[in-house]
Amino acid sequence: MSSRQALRRAGAVVLAVNVALVLAKGSAWYLSGSLAVGSEAINSLADASYSLVILGGLYLTTQPPDLEHPHGHERIEPFVSLFVAGAIVLAGVAIFYGAATAALAGDLEPPAGASAVAVLVVAVAAKLWLYRYCKRVAEREGSPAVAATAVDNRNDVLASGAALFGVAGAQAGYPLLDPIAAAVVAVFVCYSGIDIVRDNLNYLLGAAPPEHLREEIVDRALAHPDVEGVHDVIAHYVGPEIDVSLHIEVEGDRTLAEAHDIESAVVEAIRDLGPVDDVFVHVDPKELGEWKAASDDPDESGE
């Protein structure tokens with residue numbers, strides 16, 4: 001299965017599961033009157049809504065490069081992820097407001113029947129499976145949109161567990177636990193949205209990748225037997241992918257053809273790193289002495 005097919009399939013699976021949970025939780029909410037189940041139903045409705053947006057976004061991001069977008073369309077993914085985050089935070093605020101209003105009003109009734117407990121048990125299992133599935137796809141395909149969905153599903157596991165505790169406690173004679181559980185769900189929902197925003201702002205702002213990746217870039221350049229120094233290494237996110245530029249030093253008596261072969265080999269070695277997209281290598285004669293001394297920056301020295 002190609003990367004394009006895997007991402008689109010992930011979007012379709014997430015949408016289908018969330019739609020099923022909306023229907024199941026909505027029915028249980030109607031039958032039981034549980035605020036916690038109602039908050040979970042709203043949460044799943046938000047999940048289903050942004051799952052539809054993600055599916056559309058993944059369709060766009062997996063389109064092949066064209067004349068207007070020669071690097072492809074992957075850079076739309078952080079925008080899709082931020083839309084996801086906005087929907088999550090809004091849902092969390094709405095849930096918390098409803099729970100707080102109900103708790104302050106008093107006169108609470110415990111949820112009726114066993115449907116509330118049953119649907120929350122199913123929700124915990126379904127969201128745990130979705131989390132693992134999305135995490136696996138995101139890591140394999142390097143997709144921030146699917147990674148954002150995995151984060152949301154992970155927090156949904158905890159939120160559904162909190163709702164389950166609240167419903168069970170309310171049915172055991174502590175009705176205040178139902179709106180309290182709904183408020184806890186709201187906190188989990190808002191946190192997951194903020195977490196997604198933090199991750200994807202780095203993609204949009206062109207932040208540097210983790211230091212270990214930068215070190216690996218330098219190591220791969222220096223691994224070439226004809227490269228005697230590396231300097232001016234710049235790596236930054238362009239969307240979910242990383243662009244790299246650097247200078248390498250080689251013996252000054254190399255022919256143009258030899259320098260070209262060295263540069264091409266270094267480019268390919270660095271591009272083999274999963275998240276790296278474009279690599280730009282400038283070849284300098286080592287006699288110019290442009291690299292930094294080892295005592296100043298050991299990661300950018302050939303000594």
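Reader: Taking helices (H or I, at least four residues) and strands (E, at least two) as DSSP runs numbered from the N terminus, which strand is Asp232 found in?

Author: Asp232 is found in strand β1, which covers residues 229-238. This is a predicted model, in which local features need pLDDT of at least 70 and side-chain atom pairs count only at pLDDT 80 or more, while totals for chains, interfaces and linings use all residues. Residues are numbered from 1 along each chain as its sequence is written, and side-chain values use heavy atoms, with hydrogens and water left out.

Reader: And what is phi of Asp232 like?

Author: Phi of Asp232 is near 50°, a positive value in a residue other than glycine. Most residues other than glycine have a negative phi. Asp232 is also partly exposed, at a relative accessible area of 41%, where buried means under 20%, exposed over 50% and partly exposed in between, for a 1.4 Å probe and protein chains only.

Reader: Switching to aromatics, how many pairs are there?

Author: The count comes to 1 aromatic pair, under a rule that pairs rings of Phe, Tyr and Trp (its six-membered ring) if their centres lie within 6.5 Å, and calls planes under 30 degrees apart stacked, over 60 edge-to-face and the rest tilted. The rings of Trp129 and Tyr133 have centres 5.2 Å apart and planes at 5°, so this pair is stacked.

Reader: Where do Trp129 and Tyr133 sit along helix α4?

Author: Trp129 and Tyr133 are 4 residues apart in helix α4 (residues 115-141), so about one helical turn separates them. Trp129 is partly exposed at 45% relative accessibility, whereas Tyr133 is buried at 12%. Leu128 lies in helix α4 too, and the C-alpha atoms of Leu128 and Asp156 are 8.3 Å apart, although 28 residues separate them along the chain.

Reader: What is Ile196 in contact with, neighbours within four places aside?

Author: With those neighbours left out, Ile196 is in contact (heavy atoms within 4.5 Å) with Ser81, Val84, Ala85, Ile88, Ala148 and Val151.
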